[in-house]
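User: I am new to this structure. Please show me how to read a few of its features.

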Amino acid sequence: MTGPITGSATATRVAAVGDLAEGVPVRVEVAGTPVCLVRSRGELFAVGDRCSHADVSLAEGDVEEGAVECWLHGSRFDLRTGRPSGLPATKPIPTYTVTTEGDDVLVALTPSTSTGGTA
Ligand code: FES
């Protein structure tokens, strides 16, 4: 296991490490919450799968340089912090804790404090 899990949320298996291609976001659900799971530069990240500008899935966007880009209007959200780097979005999206156990990718609905899970 890599990275700490903090808080009381239970980590949920959402994918296999081998299922995640570099730079190809995947939408998963954790306890009914939509999560965008991303492998970027060899690390795993989980962020809320809802753009803070409007209710669209970020997993349908592109991943570049450690950020996921909203397909509708182009705001880019940092995968580590959830902060948008450009308009029209102005609010951050949540970041979640990702860990791995063997080939299992686990996500907990607690704010990420790590630099991403190791892929
Ligand atoms: S809906 Fe995502 S930037 Fe507008």
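User: In which strand is Val-35 found?

Analyst: This is a predicted model. Val-35 is found in strand 3.

User: Is Val-35 buried or exposed?

Analyst: Count the C-beta atoms around the residue. The cut-off for buried is 20 or more others within 10 Å. Val-35 has 25, so Val-35 is buried.

User: Which residues is Val-35 in contact with, beyond its neighbours within four places in sequence?

Analyst: Among them are Val-28, Val-30, Ala-46, Tyr-96 and Val-107. Look also at Thr-95. Thr-95 and Val-35 are 60 residues apart along the chain, with C-alpha atoms separated by 9.1 Å.

User: Which residues touch the most other members of the largest nonpolar core?

Analyst: That core has 29 residues. Cys-36, Ala-46, Val-47, Leu-58, Val-68, Tyr-96 and Val-107 touch the most other members. Strands 3, 4, 6, 8 and 9 each give two or more residues. Strand 9 gives the most, with five.

User: What is Cys-36 in contact with, leaving aside its neighbours within four places in sequence?

Analyst: Its contacts include Pro-25, Val-47, Leu-58 and Val-68.

User: How many bridges join strand 5 and strand 6?

Analyst: They pair over three bridges. Val-63 stands opposite Val-68 in strand 6.

Definitions and conventions:
Residues numbered from 1 in each chain as written. Predicted model: local features only at pLDDT ≥ 70, side-chain atom pairs only at ≥ 80, totals over all residues. Pairing = 2+ DSSP bridges. Helix = DSSP H or I, 4+ residues; strand = E, 2+ residues; numbered from the N terminus. Core = buried A, V, L, I, M, F, W, Y, C linked by C-beta atoms within 7 Å. Buried ≥ 20, exposed ≤ 12 C-beta atoms within 10 Å, placed from the backbone. Contact = placed C-beta atoms within 7 Å.
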